[in-house]
Amino acid sequence: MSQNSHIIPYEELNLSKKEQVRKMFNNIAPRYDFMNRLLTLRIDTLWRRKAINLVKEYKPRDILDVATGTGDFAVQMMRLNPKKVVGIDIAEVMLELGRKKLARKGLTNSIELKEADSENLPFADASFDLVSSAFGVRNFEDLEKGLSEMLRVLRPGGRILILEASNPEDMPFKGLYKAYMNKICPAIGNIFSEGKAYSYLNRSVSAFPTGNAFTSILTKVGFTEARFYPQSLGVASIYIAKKQV
């Protein structure tokens, strides 16, 4: 199990982390996109765009977006001119909202959203050129198993692209960010959505390995050329690694 597998949204519930994460995202789904924009001041959209720009040179044709939620990252993948994008998630309410988003954007024929478990991907080996995840791997019950599955379904020479929240290291920004995550995010969550979900957000970010610690895990499960790019003074990080040819 990953080192943050004990970080769960609802400590009073006798459910696995996976089931708790499913419950949490189904609960907050109606306000999820709004809260992302609010809490990041819309900077999350810039992080996604930067991440996609970093993999343009590889020209991926078949793309899998893991823990796709309402499909934000999958939609932006269309900038890569792929043949097909598939997004998977365990939260059916998030997927339902994502399908409505795709219909509004006229992307129903280009992007498929389906319910599936990131740690048991329902795809054959070597099915995709790019496997991505934005703010999803932190919620895996077993991080190494989920990453190993992402590696399995990649074609040789394919890339993994991960955008994830991280912990700033430089003071005094580190202290300001910690206060924001500890106090302000849960308070805003209580007003607009579910406070426990945004308290969990803070705890899961704090426990998650970032930077070199995460690239070491990517290497451990079998990826090569793992590297990372801190964003916005370290509030988020983009990770890219390769499946050996």
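Modeller: Arg 159 lies over the face of Tyr 58, at 3.8 Å from the ring centre. A charge sits over a ring if NZ of Lys or CZ of Arg is within 6 Å of the ring centre and within 35 degrees of the ring normal. Arg 31 is placed over the face of Phe 34 in this way, at 4.5 Å from the ring centre.

This is a predicted model, in which local features need pLDDT of at least 70 and side-chain atom pairs count only at pLDDT 80 or more, while totals for chains, interfaces and linings use all residues. Residues are numbered from 1 along each chain as its sequence is written, and side-chain values use heavy atoms, with hydrogens and water left out.

Next come the rings paired with other rings. A pair of aromatic rings is described by the distance of the centres and the angle of the planes. The structure holds seven aromatic pairs. Rings of Phe, Tyr and Trp (its six-membered ring) pair if their centres lie within 6.5 Å; planes under 30 degrees apart count as stacked, over 60 as edge-to-face and the rest as tilted.

Phe 228 and Tyr 239 form a tilted pair, 6.1 Å centre to centre and with 35° between the planes. This pair links distant parts of the chain, eleven residues apart: Phe 228 belongs to strand 6 (residues 224-231) and Tyr 239 to strand 7 (residues 236-242). Helices (H or I, at least four residues) and strands (E, at least two) are DSSP runs, numbered from the N terminus. Phe 228 counts as partly exposed because its relative accessibility is 28%, whereas Tyr 239, at 1%, counts as buried. Ring pairs also link Phe 228 and Tyr 239 with Phe 208 and Phe 214 into a cluster.

Now the helix packing. The axes of helix 1 (residues 17-40) and helix 4 (residues 92-105) come within 7 Å and cross at roughly 30°, so helix 1 is roughly parallel to helix 4. Axes are lines fitted to C-alpha atoms, for helices over the stretch in contact, and angles run from 0 to 180 degrees between N-to-C directions. Angles under 35 degrees count as roughly parallel, over 145 as roughly antiparallel, 65 to 115 as roughly perpendicular and the rest as oblique. Residues in the contact (heavy atoms within 4.5 Å) include Phe 25 and Tyr 32 of helix 1, and Met 94 and Leu 97 of helix 4.

Last, the loops. Leu 41 lies in the loop between helix 1 and helix 2 (43-55) and has a positive phi of about 55° although it is not a glycine. Leu 41 counts as exposed because its relative accessible area is 69%. Arg 42 is found in the loop between helix 1 and helix 2, with a positive phi near 70°. Arg 42 is exposed too, at a relative accessible area of 51%. Ala 126 is in the loop between strand 3 (111-115) and strand 4 (128-134), and is partly exposed at 31%.

Note on methods. Buried means under 20% relative accessible area, exposed over 50%, partly exposed in between (1.4 Å probe, protein chains only).
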